[in-house]
Amino acid sequence: MSESATLETLNAVTATPYKWGFSTDIEMDMAPKGLTEDTIRLISARKEEPAWLLAWRLEAFAVWQKMEEPDWARVKHPPIDYQDLHYYAAPKKKAGPKSLDEVDPELLRTYEKLGIPLKERAILAGVEGADGEGDRPQVAMDAVFDSVSVATTFKATLAKAGVIFCPISEAVREHPNLVQKYLGSVVPQSDNFFAALNCAVFTDGSFVYIPPGVRCPMELSTYFRINARNTGQFERTLIIADAGSYVSYLEGCTAPQRDENQLHAAVVELIAHDDAQIKYSTVQNWYPGDAEGRGGIYNFVTKRGDCRGARSKISWTQVETGSAITWKYPSCVLRGDDSVGEFYSVAVTTNYQQADTGTKMIHIGRNTRSTIVSKGISAGHSNNTYRGQVKVMPKAHGARNHTQCDSLLIGSTCGAHTVPYIESRNPTAKLEHEATTSKIAEDQLFYCRQRGLSEEDAVGLIVNGFCKDVLKELPMEFAVEAQKLLAVSLEGSVG
Amino acid sequence: MLKIEGLTASVDGKAILKGIDLVVPDGEVHAIMGPNGSGKSTLSYVLAGRDGYEVTGGSAAFDGADLLAMEPEARAAAGLFLAFQYPVELPGVNNANFLRTALNAQRRARGEAELDAVQFLKLSRAEAKRLSMPDDMLKRNVNVGFSGGEKKRNEVLQMAILRPKLAILDETDSGLDIDALKIVADGVNALRGPATSALVITHYQRLLDYIVPDRVHVLAGGRIIRSGGPELALELEASGYASVVAEAA
Amino acid sequence: MTALPRPRALQPAWSQDAAAAFVARYEGLRGRLPGDAAAREAGAAAFAARGLPGVRDEAWHFTSLRALAETRFAEPLTPVADCAAMLARLPQTDAPRLVFVDGRFRDDLSVVPQSVSVRVGGPAYATLANPDREAMVALNTMLAGDGAAIDVAAGVDGGTLLLVSLGTGTADRPVAFHPRHSVHLADGASLTLLDVVMGEGAYWHNAVLELAIGEGATLVHLRLQDESHAAFHVSTVYADVAARGTYDSFALTLGGKWARMEVHASLSGPKAVAHLNAAQLLGGSQHADFTTVITHAAPHCASRQTVKNVLTGRSRGVFQGKIEVARDAQKTDGYQMNQALLLSPDAEIDSKPELEIFADDVKCSHGATVGELDGEQLFYLRSRGVPQAEARSMLVRAFLAEALDPIAHDAGRAMLEAAVSAWWERQAP
Ligand SMILES: Nc1ncnc2c1ncn2[C@@H]1O[C@H](COP(=O)(O)OP(=O)(O)OP(=O)(O)O)[C@@H](O)[C@H]1O
Ligand SMILES: [Mg+2]
């Protein structure tokens, strides 16, 4: 196939419309636009929060007002008017429905389109008597619709194991001591501009606590969806794995297709105590904007894990295909001796998407180890940047890092960038970093086509092979989803 | 099966094939021999439709259809298989998965039912066994970390599973140990039938002891300068190309 | 004359004060400095507007200018010293040499070449430098007093030329000098430049070299930076390589208490080649920064980089290496490797290899490793009877050999190898 024909196929594939772009018409309870102390008081009041949390939010707001939006990432966007957003939007609550028939059919249709199974749908919609126990695969789910968590499933099973999995607003009420102890202990209010904003206005998100020695009996999962127009979504997730415990947590995200840009500024904090393990997987598929770069989510997210205890381990796995802008660096602070941090990432950008994503591995404790595997794929007019830091502090004897960072370019109008910072202050540390940039090799493409694969399938196969080291880190069901998502995201970008 | 007339082709503007005429009837095996750089691999790439190999004249018909107008995958679906002189590595792509995808794509293109995972597993295991290849070759990534000989055997395994009508083997015997050589030959001989053909590119008469060709052609300087029966290979083995080339000049 | 703008307020006071002092120096000298006044004035305007690079300046992320900014430098006095001791350390070669002392050309110490045209007596401003982007270059442009303009005519092999800079400040009166050199190789010309900088005492050497390499021309640039351990050193090199031209460079950094070498190499014609190899050997509390930007602006160009850091004591090594590939630069082949050996518990390495790629048909990669000497290798050598110290020495030399061995110029390689040996002997406990 000639070069230009190849490019055509590529464009046909990348231009596939976003499949999750519907919006739901539901009566919403919305705060007026704008951000002042009063907005924060209103959010806090709606959520019936204790005084300490309101004070904490107001502190964050004061800090945020003095901060400047960061400009070091390779992303460009028109200035965001923080006064032109709604900071609170919730589906209007009616009395709890008695059966599925009484549930707002729009809400149900939304869950259906998102592929959430019926039983969970009923629970998510708050149907009385619907229980999560059943024959389905064991995934407990929390769904956050705009600003509020609409329901959490499988609570009973989890409670038996002593696991707490609930909306963070509920945790504030039911488990105030835990929340107060850990909230902001990994990402403080003043951490960065977007984190400070989140601290001030976060509305909901998930809370997880795994007691000592408990292996969480099922995958925990949160589904995030932005629906309302002109709203920002600021969810906050807090996961604590107490000594010797284990949890695997999944998050997925989608949003409707809209012409204007929507802001998403989440904060995720993970804490792993001695011998605890947290595996955090994300499939991020926020609306990326259309083929001309109109609309799409601005995704400014702070995710950080604190390996507080000895031999603790935190792994981040992400498949990022959505958002107009991704600004995201899931990091690990390796404080405990022998603790382990991992970051596995696939980031795909097409059309006019911009992704600036990577990780930080801060080695503080002895014999701490980290692994970074990043695969960037850029197509169309997009720009895809890996930005990562590996830092070894003087006391981190025997620290180890291995970083592998590969970029694939599809077509000649995109950009791929690699910006690692490698800093060591301990001679016994051993750091290795490798990065490559290339296009799909012509001989690989030809080899596949000689065996009868269409060009598109050949590209799909090669790209999936390229990403394999990351995809294999995802829980099984998620990996299949992610592979499909990759193929769909790249449809039309072959070259 | 295959009918090539006056085929000329160039790479990077440099003429490599300078007028090839070749007919491979149904059911026949033809061998192509020739000095290094004479254009043998170029011919196989042109037939398989590789980018960058520009056909500047002539024609090639495959079962009567215009081969040169087809996309590479369409040629494959039509039954043309090329065992590469230098098989390509596909990191992260599982060999079995690759083969099943390829086989099903071809079957789809031909309007045949696809094989499910279980059917395919049975087929691939059986073929691997018949070629005395270890099962784990199927589990590994395509050609990644394979030794030179393993890559060639993997090409033959793929051929056995895909069952082409016309197999072109570009020096599949190079780098093989004696046992593997027999395996390759068995693979080709197993495909032999009234409706299948093969074009075997080789430097060594040895392979032709196992795959007895119907015809032998000498390709030099981008042209077929001599054709003959199996005895021609023996003659070349004994006296080299020089005399043949001189004779043709 | 118009007043120059004030530096922007974002910088801390120490930075603003230092910048103001340099601007005041310039205002005092204005009109009395040699060379192209318009170029100088433009540089001054750029410097006055920007000031010194600040902490928020990404290009200076790992290297703080504070110590330099807090030193008040004097004007160099007319140098009279015969510098015999330093000159004796130059490589033994009968090649012609251009010697500058405290930034000024010294006729009496120089041997002017035959096949190469040289002009001295003022700054050799050329067209490659970017004072608007690089503040230190703006400062150099503003205050440059002298330099060599070296020209090799088309097709001529200019042989080997030594370019020597000696610094001679004293602790109570540190001086600053800003030499400005240019090299122009016309099409098909070639030259080997042995670029040696050394000195005694306290001073700041802030050099700019502009290297224009014509079509099919070859410049071999071998550099030995062995400044005094009380000296500050900044050098900024711009190399522009036309079609099929080659810029082949190696920079060995040993000296200075604080040093930064910055290279901007642009491959601007098809099939141009650049090698930017370097080694930094540091001890004590030295800080040295090697920063490079290789721009692939044309198709079919190749760049290669091997950079080694060997750090002892409380020294800090910095490497920042960016490879930029422009939209049209298809078939680019870029490779970079940077490795650091940390030989003491208090040494620090900061490394930022960077790829910025806008063309799809490219092969670009970089690698970085940081660590101490390989314990297994050390043990292997010792088990064969090699004493610990010698084994370490062997391994460190082997580590450096990868970068040094490919240097084809015998006298140049000998000069660098001798300097490495001397450095290693100085480190011996
Ligand atoms: N991409 C290319 N650019 C320039 N010349 C090429 C290219 N590909 C092939 N050639 C040249 O074409 C000629 C024929 O090459 P080809 O690979 O077809 O030879 P061959 O007969 O298969 O040789 P061998 O027996 O060594 O495999 C050789 O001279 C080769 O150098
Ligand atoms: Mg060949």
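User: What is the accessible surface of chain A, and what share of it belongs to carbon and sulfur atoms?

Analyst: This is a predicted model. In it, chain A has an accessible surface of about 17,200 Å². Carbon and sulfur atoms hold 50% of that surface. Chain A has 495 residues, and 65% of them are buried. Its secondary structure comprises twelve helices and 24 strands.

User: Why does A:N464 count as buried?

Analyst: Set the value against the cut-off. Buried means under 20% relative accessible area. A:N464 has a relative accessible area of 18%, so this residue is buried. A:N464 is part of helix α11 of chain A, residues 455-471. Beyond its neighbours within four places in sequence, A:N464 is in contact with A:L471, A:Q483 and A:L486.

User: Why is C:V137 called buried?

Analyst: The relative accessibility of C:V137 is 0%, and the limit is under 20%, so C:V137 counts as buried. C:V137 sits in helix α5 of chain C, residues 135-143. Not counting residues up to four places away in sequence, C:V137 touches several others, including C:P131, C:R180, C:V208 and C:Y238. C:V137 and C:V237 are 100 residues apart in sequence, while their C-alpha atoms are 9.6 Å apart in space.

User: Why is B:D63 called partly exposed rather than buried or exposed?

Analyst: Partly exposed covers the range between buried, under 20%, and exposed, over 50%. B:D63 has 42% relative accessibility, so B:D63 is partly exposed. B:D63 belongs to the loop between β4 and β5 of chain B.

User: What makes B:S41 and B:Q85 donors of the magnesium ion?

Analyst: Distance and atom type. Donors are N, O and S atoms within 2.8 Å of this metal. The OG atom of B:S41 and the OE1 atom of B:Q85 lie 2.0 to 2.1 Å from the magnesium ion (ligand 2), so both pass. B:S41 is in helix α1 (residues 40-48) of chain B, and B:Q85 is in the loop between β6 (80-83) and α3 (95-109) of chain B, so the pair ties together parts that are 44 residues apart in sequence.

User: Why is strand β9 of chain B described as largely enclosed?

Analyst: Strand β9 (residues 215-220) has six residues, and five of them are buried, so the rest of the structure largely encloses this strand. Strand β3 (residues 29-33) of chain B runs parallel to β9(B), joined by four bridges. Strand β10 (residues 223-228) of chain B pairs with β9(B) in the antiparallel sense, over five bridges. β9(B) and β10(B) form a hairpin with two residues between them.

User: What area do chain C and chain A bury between them?

Analyst: About 2,700 Å², with 49% of it on carbon and sulfur atoms. C:L355, C:D360 and C:V370 supply 20% of the area that chain C buries against chain A. The contact involves 35 residues from chain C and 33 residues from chain A.

User: And what do chain A and chain B bury between them?

Analyst: About 2,300 Å², with 58% on carbon and sulfur atoms. On the chain A side, A:F446, A:Y447 and A:R451 lose the most area to chain B, together 34% of what that side buries.

Terms used
Residues are numbered from 1 along each chain as its sequence is written. Chains are lettered from A and ligands numbered from 1 in the order in which they are written. This is a predicted model: local features need pLDDT of at least 70, side-chain atom pairs count only at pLDDT 80 or more; totals for chains, interfaces and linings use all residues. Side-chain values use heavy atoms; hydrogens and water are left out. Donors are N, O and S atoms within 2.8 Å of the metal (3.2 Å for Na, K and Ca); water is not among the atoms, so sites may look incomplete. Buried means under 20% relative accessible area, exposed over 50%, partly exposed in between (1.4 Å probe, protein chains only). Accessible areas come from the Shrake-Rupley method with a 1.4 Å probe; for residues, only the protein chains shown count as cover. Buried area is the accessible area (1.4 Å probe) that two parts lose on being put together, summed over both. Contact means heavy atoms within 4.5 Å. Two strands pair if DSSP finds at least two bridges between them.
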